[in-house]
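Visitor: I would like to learn how to read a fold from its backbone and contacts. Please walk me through one.

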Amino acid sequence: MVKGTQVRRHHRTTPRTTRVLGALLLVAVGSLAVGAAPAPAEATPLDQVIPAPAKVTPGGSPYRITAKTRIGVDDAREVRRVGEYLAGVLRPSTGYRLPVRAGRGGDIQLRLAKGPFGAEGYRLDSGAKGVTITAARPAGLFHGVQTLRQLLPAKVEKGSAQPGPWLVAGGTITDSPRYGWRGAMLDVSRHFFTVDQVKRYIDQLALYKVNKLHLHLSDDQGWRIAIDSWPRLATYGGSTQVGGGPGGFYTKADYREIVRYASSRYLEVVPEIDMPGHTNAALASYAELNCDGVAPPLYTGTEVGFSSLCVGKDLTYDFVDDVIGELAALTPGRYLHIGGDEAHSTSHEDYVTFMDRVQPVVAKYGKTVVGWHQLTGARPSPGAVAQYWGLDDTSAEEKAQVAKAAQNGTGVVLSPADRVYLDMKYTADTPLGQDWAGLVEVRRAYDWDPGDYLAGVPGSAVRGVEAPLWSETIVTSADLEYMAFPRLAGVAELGWSPAGTHDWERYRVRLAAQGARWEAMGINYYRSPQVPWS
């Protein structure tokens, strides 16, 4: 519906034009008849993938995947799982069996070895005899597999058999990420997304080596996770969404399935319960959470800043303890996000009091606090992470507050709204999204450096980048994809690739080649005029 379409101009063909075209066709057929061969297939160069690899050394003959190709894996369950994942990607389009076998006999080999790979790095060696991906940990093998996918023709992503050849260029890629936090946030509160829709997004994120899925599970418009000790949060607070639709929520089994599936793609789920503001769904579900004991109605609009938990009530902290305790028990990852933004209905004194009481609860259940950067206006707990969502022109005072916290040990994840908020319109004519942070075309989302974006923030404090997608106007997976792609790929590259590889003119060419892959995957993307699409 929103995807760009090509308009073809039709001209009347004159008899003379018909004769000329016929003559040319006869020449072409004659050329083929005397043995003219089609142009040979070429392998995708090793440096044409996204994110850009840290080091590329091309050379040697390409490897050709054939019906005889086998996938060899180390005798470890996680390595076999990565091998089966790779086979699952390749089998439908190639039509080959691609058996996965333990041992070093595979034409495509996945192996663990000691080396300077870190937790997520890998080396890919390709030559006429095969492809070997080596890493210190399974996550590195998985990321190497994503690179291998992009080195194959885009039609490898199709779900039915396609003609080959399936060539992998010869040479070596040595690769590891710049940052450990390469995230994408999905707001399931304004509009609810099903487990299958979230899984689809996870698969798309994995292709670009994203390793954090931040789920915004509660807001004014909906509470999306079942909490046994406060059941009306989900059954009542989750019963609507922006515009008044049916909403929905995840049972604990649903949430566990999302976490399991994300883990199988080496993404860590970071759940968020936004507090003390953005809490109308909770306040509507339980009157006693309100200072006056009166529950407000459910909310289906898009305004912000009008709700607040009752900071002075002890019951509020019983509620927080119960919610965080149950959510932490469901979440194997290290982090739990407590929101903290746009708490306009909470006084500064109450905000500081609230954060002083809530952050220790997160630590009590074994998690590290993450909050929106307004947390730095309180007292961030040791090791806390602040997620910066300000703009290029956010006040110097607010930026200095974040910088001071970073200098004192608070980590920073960068999500500047006028750069990487995926719900911002590309242009004034974009049919979805918002524009309060400005218009964010593809180049603007890519053309900045997380390492020096916030003055005064030490490079060592920058944990990485994250691209949030708020869902006030996002209803379907097609909506989600149109706003995420192509910008998400650029944010992933900012998080993974060395700063020296960041170059818009070269990047836009690599990005253009991704269009055919997205089409093969059925991804609805925005055909930005800034990109020379194939």
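Visitor: Which residue in E14 does leucine 213 stand opposite?

Guide: Leucine 213 stands opposite valine 269 in E14. First, the ground rules. This is a predicted model: local features need pLDDT of at least 70, side-chain atom pairs count only at pLDDT 80 or more, and totals for chains, interfaces and linings use all residues. Residues are numbered from 1 along each chain as its sequence is written, and side-chain values use heavy atoms, with hydrogens and water left out.

Visitor: How many bridges join E11 to strand E14, and in which sense do they run, parallel or antiparallel?

Guide: The general idea: strands of a sheet pair through backbone hydrogen bonds, either parallel or antiparallel. Two strands count as paired if DSSP finds at least two bridges between them. Here 5 bridges join E11 to E14 (residues 268-275), and the two run parallel.

Visitor: In what order do the strands close into a barrel?

Guide: The order is E10-E11-E14-E15-E16-E17-E18-E19, 8 strands with parallel pairing. Neighbouring strands of this sheet are turned by 30° against each other on average, direction ignored. Axes are lines fitted to C-alpha atoms, for helices over the stretch in contact, and angles run from 0 to 180 degrees between N-to-C directions.

Visitor: Which strands does E19 pair with?

Guide: E10 and E19 pair in the parallel sense over 6 bridges. Glycine 183 stands opposite glutamate 466 in E19. Strand E18 (residues 411-414) also pairs with E19 in the parallel sense, over 3 bridges. There, leucine 414 has valine 465 of E19 as its bridge partner.

Visitor: How many residues of E19 are buried?

Guide: Buried means under 20% relative accessible area, exposed means over 50%, and partly exposed is in between (1.4 Å probe, protein chains only). In E19, 7 of its 8 residues are buried, and the strand is mostly covered.

Visitor: Which helices lie across these strands?

Guide: Helix H6 (residues 252-264) lies across E11 and E14, at about 140° to E14. H14 lies across strand E10 (181-187) and strand E19 (462-469), at about 170° to E19.

Visitor: At what angle do H4 and H13 pack?

Guide: Two packed helices are described by the angle between their axes and the distance between the axes. H4 and H13 pack at about 25°, with axes 11 Å apart. They are therefore roughly parallel to each other. The cut-offs: under 35 degrees is roughly parallel, over 145 roughly antiparallel, 65 to 115 roughly perpendicular, and the rest oblique.

Visitor: Which residues meet there?

Guide: Contact means heavy atoms within 4.5 Å. Gln197, Arg200, Tyr201 and Gln204 in H4 meet Ser477, Leu480, Glu481 and Ala484 in H13. The contact residues divide into 3 nonpolar, 3 polar and 2 charged. Ala, Val, Leu, Ile, Met, Phe, Trp, Tyr, Cys and Pro count as nonpolar, Asp, Glu, Lys and Arg as charged, and the others, Gly among them, as polar.

Visitor: Where are the cis peptide bonds?

Guide: Most residues other than glycine have a negative phi, and most peptide bonds are trans. Proline 51 is in the loop between helix H1 (15-33) and strand E1 (55-58). Another joins phenylalanine 485 and proline 486, with omega about 20°. Proline 486 lies in the loop between helix H13 (477-484) and helix H14 (487-496).

Visitor: What is the phi of lysine 209?

Guide: Lysine 209 has a positive phi of about 65°, although it is not a glycine. Lysine 209 is in the loop between helix H4 (195-206) and strand E11 (212-216). At 0% relative accessibility, lysine 209 counts as buried.

Terms used:
Helix = DSSP H or I, 4+ residues; strand = E, 2+ residues; numbered from the N terminus.
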